[in-house]
Amino acid sequence: RRHNASRSAMLAPAHRALARAIRDARRPFVRAFATGEKSAIASAINEITSPRELDEIVPASHTTAIVFDFYADWCGPCKQLTPTLERIIKERYPKVALVKLNADAPALAPVMEQLRISSLPTVMGLSRGRFVDQFKGAIGESDVVKFVDGLIRDLELDDGATGEDEEVGEEDGDAAATREDAVAATFAATFAADATTRERIAKTLSEVINAKENIGPELKCRALAASAMLAIRGDAPDEEGARRLVDAGRGLVKGFAEPRELACAEAWIGLVSDIKMFGVSTDVGALEAVHEAEPKNFDAVRALALARFASGDQSGAFDVALLAVKAGFGANEIREEGKKLVVQLISACAPGDPLAEATRKRLASAWFI
């Protein structure tokens with residue numbers, strides 16, 4: 001990997017720290033499949049119809065960036081996007097290849113559920129066995145080019161990486177100092193479970209927060225939100241520390257909209273507080289048994305929803321919480337509490353989470369069903 005030494009030397013340390021945090025975070029956070037032997041992908045445009053075919057094609061992402069296009073024959077925006085997407089990828093093959101998945105294929109239902117595909121078209125980019133970017137809807141050609149080329153760069157930039165700290169070029173630092181990269185750091189901090197990675201993210205986020213120059217208040221605010229998520233989602237949740245970090249982030253909000261990550265961190269603090277206040281058990285199986293015995297007991301619904309969410313089963317948490325909103329569950333006062341619970345869980349999801357967006361729609365109709 002080549003770098004311009006003179007330009008790299010000019011890069012601010014805070015930019016290096018943020019770039020390093022993003023790079024470290026992306027690796028464990030979005031690793032969707034186990035990586036096997038590397039393989040080649042035979043053509044620029046491919047279509048798969050089963051999870052087995054997906055498992056077979058994923059290892060090729062170590063040598064060729066892969067764009068997954070979730071579509072349906074009846075989807076107008078899909079038909080609008082497809083010609084542009086296929087042409088751009090054909091021009092760049094074999095650096096990148098397209099894999100199409102029909103959302104109506106019954107065998108792909110588990111894949112749709114695992115990846116939380118809730119709208120079409122959904123396009124996701126895979127590099128070295130983990131997802132690194134995505135978009136929804138029919139976007140313009142210039143944006144498609146940016147998406148595809150960015151995916152290729154991701155594969156090339158880490159080509160031959162040894163795990164040691166790499167020198168970050170000026171262009172990498174500039175990219176790291178954007179809003180999107182700060183959001184990526186927050187996502188990673190929210191979902192990364194590996195202890196070593198979490199410690200390194202915390203350290204580099206601290207460098208960003210304490211930087212004296214080159215990092216604006218909005219990025220520091222997002223870094224504070226990410227740090228709060230690390231604190232509240234650790235093995236021993238630090239509720240007080242997370243609140244201080246959120247408050248510090250809010251203190252920086254001047255002249256720009258409050259980042260949604262702050263609300264996400266605050267919602268997680270509320271969840272942890274409620275779990276303690278209501279004495280929610282971590283034994284999800286036992287809570288499920290209680291709920292089955294008393295399906296219209298709101299305390300049982302709340303306990304099970306909170307426990308599932310905290311354990312990582314967001315979909316299951318939403319399913320049970322929405323039960324308390326539906327007509328016939330109980331008095332309107334109880335159903336209002338159910339609505340508040342669902343909103344709280346939605347708020348604790350990462351901004352832009354498709355499952356959260358889908359649940360908002362379910363909540364809007366659940367009250368009348």
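This note goes through cysteines, aromatic rings and charged side chains in the structure above.

1. Basis. The model is predicted: local features need pLDDT of at least 70, side-chain atom pairs count only at pLDDT 80 or more, and totals for chains, interfaces and linings use all residues. Residues are numbered from 1 along each chain as its sequence is written, and side-chain values use heavy atoms, with hydrogens and water left out.

2. Disulfide. A search of the whole structure gives one disulfide (a pair of cysteine sulfur atoms within 2.5 Å). Cysteine 75 and cysteine 78 form the link, with an S to S distance of 2.4 Å. The link of cysteine 75 and cysteine 78 is right-handed, with 80° about the S-S bond. Both cysteine 75 and cysteine 78 are buried. Here buried means under 20% relative accessible area, exposed means over 50%, and partly exposed is in between (1.4 Å probe, protein chains only).

3. Other cysteines. Cysteine 221 has 0% relative accessibility, so it counts as buried. Cysteine 264 is in no disulfide; its nearest cysteine sulfur belongs to cysteine 349, 7.4 Å away. Cysteine 264 is buried too, at 3% relative accessibility.

4. Rings of Phe, Tyr and Trp (its six-membered ring) pair if their centres lie within 6.5 Å; planes under 30 degrees apart are stacked, over 60 edge-to-face, and the rest tilted. Phenylalanine 135 and phenylalanine 147 are edge-to-face, at 4.9 Å centre to centre and 90° between the planes. Phenylalanine 135 lies in strand 5 (residues 130–136) and phenylalanine 147 in helix 6 (residues 141–157), so this pair ties together parts 12 residues apart in sequence. Helices (H or I, at least four residues) and strands (E, at least two) are DSSP runs, numbered from the N terminus. Phenylalanine 135 and phenylalanine 147 are both buried.

5. Aromatic cluster. Phenylalanine 309 and phenylalanine 318 have ring centres 6.1 Å apart and planes at 80°, so they count as edge-to-face. Phenylalanine 309 and phenylalanine 318 are both buried. Ring pairs join Trp268, Phe309 and Phe318 into a cluster.

6. Charges over rings. The criterion is NZ of Lys or CZ of Arg within 6 Å of the ring centre and within 35 degrees of the ring normal. Lysine 100 lies over the face of tyrosine 71, at 5.1 Å from the ring centre. Arginine 302 sits over the face of phenylalanine 278, at 3.6 Å from the ring centre.

7. The structure holds 17 salt bridges (a side-chain nitrogen of Lys or Arg within 4 Å of a carboxyl oxygen of Asp or Glu). In one of these, lysine 276 meets glutamate 239, with the closest N and O atoms 3.2 Å apart. Lysine 276 is in helix 12 (residues 260–277) and glutamate 239 in helix 11 (residues 239–251), so the pair ties together parts 37 residues apart in sequence. Lysine 276 is exposed at 58% relative accessibility, whereas glutamate 239 is buried at 17%.

8. Further salt bridges. Arginine 250 and glutamate 258 form a salt bridge at 3.0 Å, N to O. Arginine 250 is partly exposed at 29% relative accessibility, and glutamate 258 is partly exposed at 37%. Glutamate 288 pairs with arginine 308, their closest N and O atoms being 3.0 Å apart. This pair links helix 13 (residues 284–293), which holds glutamate 288, to helix 14 (residues 298–311), which holds arginine 308; the two residues are 20 residues apart. Glutamate 288 is partly exposed at 28% relative accessibility, while arginine 308 is buried at 16%. Salt bridges with shared partners join Arg87, Glu91, Arg92, Glu141 and Asp149 into one network.
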